[in-house]
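Trainee: I would like to learn how to read a model like this one. Can we go feature by feature?

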Amino acid sequence: MPEQHLTLDAMQVVAYQGEPGAYSHLACKHTFPDWTSIHCATFVDALKMVEQGEAYYAMIPVENSTAGRVEEIYRELKRTQLYVVKEHFEPVNHCLIARHSMTLDQITRVGSHPQALAQCDTNIKALGAKSQAMYDTAGAAKHIAEFEEPGLAVISSELAAELYGLNVLKTYFNDSMGNTTRFLVFARQQKMPVYEDDRIYITSFMFRVRNIPAALYKAMGGFATQGINMLKLESYMVNGNFTATQFYVDVEAHFQSSAMQAALEELQFFSEDVRILGTYLANDYRLK
């Protein structure tokens, strides 16, 4: 997918899922402060903007330190031909937000994206309120700005409260401090950094094991033998087939290193449909 097919206007555009004020929007602003951020209704729409040359990057959340993986994106990875070129960690400050006329004792329901609700579950219950799933954190803020619903407050960002003229009733409404979301940046072209011995790299890839005994153990054996640190291993079924499992993996290695090449050779012997998503520098957040 050559870069010359991009429109001039897309060269400094990053797409994200959600309404303006979403945490993905904040991640875009912090990672690409001088770029134009464009919001999309779904993860698929954000990825398609890059695929079609309407945006240079897509900023996609993949996991949260409190609520775990973002399930939807793993189903889409198989369908996209984009590459991972960067990771970003965004600290999450969930705020309890309402119209200016509402007080804490009037709250009976708290609405937000299911991930945000899970990350604030204890504090929601402490209010004696019920959770109400909504499609997006910033979208929840936009909703109560446009429609007055008695008893409904939402969980969103301070940026969303500012954008939609709402009142922050509580900051740091998260159940646990240090709540952080990891994002991956997707591009049309692979942008593999030059390998240097003193830098830490991550390679992300997908594969499907062969339907033979101990296939996963044997497929992963090369990484242990080569001393490669595995950071993440996610599994999910392929097309509802219980005999074929797809895996997503992050390892601490550069694709071009000799150890990684040896490990991949062993992986390919015991698996099929191996696809390298990208190699990129480890974010400094990992070193904290």
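Mentor: We take the annotation, a crossover, backbone angles and a pocket in turn. This is a predicted model, where local features need pLDDT of at least 70, side-chain atom pairs count only at pLDDT 80 or more, and totals for chains, interfaces and linings use all residues. Residues are numbered from 1 along each chain as its sequence is written, and side-chain values use heavy atoms, with hydrogens and water left out.

Trainee: Which residues does the UniProt annotation "domain: Prephenate dehydratase" cover?

Mentor: UniProt positions are given here in the numbering of this model, with shortened feature names, and annotations may be inferred rather than shown by experiment. According to the unreviewed UniProt entry, that domain covers residues 13–188. The span is 31% helix and 33% strand, and its end C-alpha atoms lie 13 Å apart. Helices (H or I, at least four residues) and strands (E, at least two) are DSSP runs, numbered from the N terminus.

Trainee: In which sense do β1 and β2 pair, parallel or antiparallel?

Mentor: Two strands pair if DSSP finds at least two bridges between them. Here β1 (residues 13–17) and β2 (residues 36–40) are parallel, with five bridges. Tyr 16 has His 39 in β2 as its bridge partner. Between the strands the chain passes through helix α1 (residues 23–31), and this β-α-β crossover is right-handed. Right-handed means that, with the strands pointing away from the viewer, the path from the first strand over the helix to the second runs clockwise.

Trainee: Where does Ala 214 lie?

Mentor: Ala 214 is in the loop between β12 (201–209) and α8 (215–225). Its phi is positive, about 60°, although it is not a glycine. Ala 214 is partly exposed, at 43% relative accessible area. The scale is: buried under 20%, exposed over 50%, partly exposed in between (1.4 Å probe, protein chains only). Tyr 172 also has a positive phi, near 50°. Tyr 172 sits in the loop between β10 (167–170) and β11 (180–187).

Trainee: How many residues line the largest pocket?

Mentor: A pocket is an open set of points on a 1 Å grid over the protein atoms alone, where a 1.4 Å probe fits, with protein on both sides within 12 Å along at least five of seven lines; lining residues have an atom within 4 Å of a point. The largest pocket holds about 420 Å³. It has 26 lining residues, and those closest to its centre are Gln 17, Phe 43, Pro 61, His 113 and Gln 115. Elements giving two or more residues to the lining include α1, β3 (57–64) and β11.

Technical notes. Grid points are joined across faces, edges and corners, and a volume is the space filled by probe spheres set on the points.
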